[in-house]
Structure formats: C-alpha cells, structure tokens
Amino acid sequence: MPRYFFNTQIGEDVITDLNGEELRDPDQAWEASRSIIHAMVKDPKMAESGNQDRLLAATLVVTDEAGEVVLEFPFAEALTAEIAQDEAPRLH
C-alpha cells in the first residue's frame, strides 16, 4: 500500500509528518485529511487564543513517498464542508 504524509502548512511554517500513513489510495488520503483537520481543530491545546485563527488559515499538504503533492486541503474548506453538511436538509 502507498504511504502518504500529512504536512501542515501555517503561513510560512510547515509541520512535517515524518511517519506518514499507509492508505489504499488518494481518496482514502482525502478522508484521512478531513479527519486529521477536524481532530486538530477540536484539540483543546488549539483552542488557545489565536491558534484557531491560525488553523483556519492552514492547509494540510498531502504528499506521497516520492514527495509529490497528492492534494492540498485547506482547513477552512474542511470545516465549511462539515457545517454545510450539518445544515443540509434531511430527507426522510
């Protein structure tokens, strides 16, 4: 299985994922990215003053083992998608 690395870019700063995660394909990497972003935003340490605003401007840059960018997932996009999904009408 391919290994994907989830690097967080906040402005000019990059937090590098040195371990990565073995996933089946880029679609699964996208799902993992969304989960990672939600977990980071909900982390109590990130709730400190100023951190939330910085996270909303951050991007999760996913690369493969060769260092090629597979996807870039802005934190704000992940959170906006969750809000839209929560507000979507429910069909019965």
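Q: Which side chain places a polar atom 2.8 Å from the backbone nitrogen of Asp17?

A: A polar contact is a pair of N or O atoms within 3.5 Å; within protein, one must be able to donate a hydrogen and the other to accept it, and residues adjacent in sequence count only if both atoms are side-chain atoms. Here the side chain belongs to Asn7, with its polar atom 2.8 Å from the backbone nitrogen of Asp17.

Q: What are the ground rules for numbering and for the model?

A: Residues are numbered from 1 along each chain as its sequence is written, and side-chain values use heavy atoms, without hydrogens and water. The model is predicted: local features need pLDDT of at least 70, side-chain atom pairs count only at pLDDT 80 or more, and totals for chains, interfaces and linings use all residues.

Q: Is Asn7 buried or exposed?

A: Buried means under 20% relative accessible area, exposed over 50%, and partly exposed in between (1.4 Å probe, protein chains only). Asn7 has a relative accessible area of 12%, so it is buried. Across the chain, 30% of the 92 residues count as buried.

Q: Which residues is Asn7 in contact with, leaving aside neighbours within four places in sequence?

A: Contact means heavy atoms within 4.5 Å. Asn7 touches Val14, Ile15, Thr16 and Asp17, and also Thr59, Leu60, Val61 and Thr63.

Q: How many helices and strands are in the chain?

A: Both are DSSP runs, numbered from the N terminus: helices are H or I with at least four residues, strands are E with at least two. The chain has 3 helices and 5 strands. Their order is β-β-β-α-α-β-β-α. Asn7 sits in β1, residues 3-10.

Q: Which strands does β1 pair with?

A: Two strands pair if DSSP finds at least two bridges between them. β1 runs antiparallel to β3, joined by 2 bridges. Tyr4 faces Glu21 of β3. With β4 (residues 59-63), β1 pairs in the antiparallel sense over 5 bridges. There Phe5 stands opposite Thr63. β2 (residues 13-15) is also antiparallel to β1, through 3 bridges. Ile10 has Asp13 as its bridge partner in β2. These two strands form a hairpin with 2 residues between them, and Gly11 in the turn has a positive phi of about 65°.

Q: How many residues of β1 are buried?

A: The count is 6 of 8, so β1 is largely enclosed by the rest of the structure.

Q: How many aromatic pairs does a search of the whole structure find?

A: Rings of Phe, Tyr and Trp (its six-membered ring) pair if their centres lie within 6.5 Å; planes under 30 degrees apart count as stacked, over 60 as edge-to-face and the rest as tilted. The search finds 1 pair. The rings of Trp30 and Phe73 have centres 5.4 Å apart and planes at 20°, so they are stacked. Trp30 is in helix α1 (residues 26-42) and Phe73 in strand β5 (residues 69-74), so the pair ties together parts 43 residues apart in sequence. Trp30 is partly exposed at 33% relative accessibility, whereas Phe73 is buried at 3%.
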